[in-house]
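Dear colleague,

Please find the structure below, handed over for your use.

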Amino acid sequence: MSIKTVSTQPFADQKPGTSGLRKRVKAFQQQNYLENFVQSIFNSIKGYQGKTLVLGGDGRYYNRQAIQIILKMAAANGFGKVLLGQGGILSTPAASCVIRKNQAFGGIILSASHNPGGPDNDFGIKYNISNGGPAPEKVTNAIYTQTQEITNYQILDAEDVNLDDLGTWQLGSMAVEVINSVADYADLMASIFNFELIRNFIAGGKFKMCIDSMHAVTGPYAIEIFESRLGAPIGTVQNATPLEDFGGGHPDPNLVYAHELVDILYGENAPDFGAASDGDGDRNMILGRKFFVTPSDSLAILAANAKLVPGYSSGLAGVARSMPTSQAVDRVAAELEIDCYETPTGWKFFGNLLDVGKATLCGEESFGTGSNHVREKDGLWAVLFWLNILAVKQQSVEEIVQEHWRTYGRNYYSRHDYEEVNSEKANTLMANLRSLLPTIAGKQFGKYQVDYADDFSYTDTVDDSVSEKQGIRIGFTDGSRIVFRLSGTGTQGATLRIYLESYEPDITNQGTDTQQALDDLIALSDEIAQVRQFTGREKPTVIT
Ligand code: G16
């Protein structure tokens, strides 16, 4: 087996977004495209010779081919060992768990998360550092710089590796250990939650639940945890076989794309609890019977009830949320007298806060919640957290949420997405909004008076790094907010996200339909940003 050095040329479009590099499969299949990016990762990190790399993906189309390429490149570049999920499968939180448990140098995760898969859809790759979390901006910027300067890459001239059988194989001077994709992660969950209590709760037969893995990576994890270890009836986990195209679906656990689960929870004889997770297993959606829990409320409720869970029984050091996430958790933090951090969108911004122990729980409006147990958001962890709370409190999901609103007030919250908008027009809309910022403070719009308006800039309290232009915030004097930003995870055109939030402390007004409660703010967002005019769209593509 010999090492080949292959000449190549840079691709201009390899700048990582919110979470790694995501492109159409066809882009990744271009000659040298994946290889360039992988070599750029290796060129931008130092000291990995002889060390361990964790590798796996969500099983989408092109996962297996990409893994063969990355293995041969890792061997040629001098890694000592690769820990590979069996069949090339590792959920994103499981990869984080494996990196931490084995004190690996880092990991490569192959996923385009909730984006559809298949030959005509999306693929993605991201690099995680030794704490198990997504590479911070200084690393992703360095990778990007390398992609623009690359002239060659190294790859081992070797046969493909057996990805499917557990065991250790030799690839040049590097070992490839194929590990059980589920075991370490399931053990970690059992160490955090009260499995015995949850098992008894489920076994009682009164409580019924349904878990939808959306034909994505969590299937095997959910079967092992809910059906095997917690004794839920066979069939509790639906769509449990990971498929390369996710069965043609959009593996995004929200009310629009997880409609199969939504129909069950809103149908006749609905179960008490439903949950779905996304392509790579880091997102979650929580449903009660005919009841949807917004991700922002979910974070606040987990924080308020954390002491009921063994892993957090001694309390939380602090909490963190991304800027567009509703301020519901801020109220819980104030009550608990702990710090609440506001970071830009992207899980990578939580890493430092978790590492130094400033935050224990973190969450985002985009259906992501997690804690210091790994350095990624974690879909099944959130489901188990809810089950643990339900088993202790013996109340329904709806009762728990309403009790929370009675105590803390309700943050009405919704996100309106305009997908695949012409990029130039979306950028002009944002530039136009930016130009309004200096003069908009103090202005009155109907019953709303602008309190502040800015382009969110974040200074990391741990390493002092600054991230600018993270979204435009317009806050009103009554605590309402409108936030505008462009997504960093799309692969076609631009996605404009508008986040709307208002606060209702009065319990007699907490039962309004969300869109109705936010009606005035929705109209105002269009008036201020001229969304319809710039996008040419009459309404959002997705409302969550
Ligand atoms: C990624 C990031 C999240 C982010 C989400 C949406 O999630 O890890 O932190 O909130 O994208 O980002 P954007 O609004 O830029 O599209 P995932 O689940 O796609 O990896």
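Between domain 1 and domain 2 the count is 1 salt bridge, a salt bridge being a side-chain nitrogen of Lys or Arg within 4 Å of a carboxyl oxygen of Asp or Glu. Please note that this is a predicted model, in which local features need pLDDT of at least 70 and side-chain atom pairs count only at pLDDT 80 or more, while totals for chains, interfaces and linings use all residues. Residues are numbered from 1 along each chain as its sequence is written, and side-chain values use heavy atoms, with hydrogens and water left out.

Domains and their contact

The domain assignment, which is automatic or taken from a database, gives domain 1 (2-181), domain 2 (185-408) and domain 3 (410-543). The centres of domain 1 and domain 2, taken over C-alpha atoms, are separated by 28 Å. To the contact (heavy atoms within 4.5 Å), domain 1 brings 34 residues and domain 2 brings 32 residues.

The size of an interface is often given as the accessible area lost when the parts come together. Here domain 1 and domain 2 bury about 2500 Å² between them, 58% of it on carbon and sulfur atoms; buried area is the accessible area (1.4 Å probe) that two parts lose on being put together, summed over both. Thr18, Pro93 and His114 supply 22% of the area that domain 1 buries against domain 2, more than any other three residues.

Salt bridges

The structure holds 29 salt bridges. One of them joins the side chains of aspartate 164 and arginine 64 at 2.9 Å, N to O. This pair links distant parts of the chain, 100 residues apart: aspartate 164 is in the loop between β7 (152-157) and β8 (167-171), and arginine 64 is in helix α3 (residues 63-77). Helices (H or I, at least four residues) and strands (E, at least two) are DSSP runs, numbered from the N terminus. Glutamate 376 and lysine 126 also meet through their side chains in a salt bridge, at 3.1 Å, N to O.

On a 1 Å grid over the protein atoms alone, a cavity is a set of points where a 1.4 Å probe fits but cannot get out, and a pocket is an open set with protein on both sides within 12 Å along at least five of seven lines; lining residues have an atom within 4 Å of a point. Grid points are joined across faces, edges and corners, and a volume is the space filled by probe spheres set on the points.

The largest cavity has a volume of about 390 Å³. It is lined by 37 residues, of which Thr18, Ser19, Arg22, Lys377 and Thr489 are the closest to its centre. β6 (122-128) gives the most to this lining, with 3 residues.

The largest pocket holds about 790 Å³ of space. Among its 27 lining residues, Gly17, Thr18, Leu486, Ser487 and Gly488 are the closest to its centre. α15 (423-440) gives the most to the pocket lining, with 4 residues.

Yours sincerely
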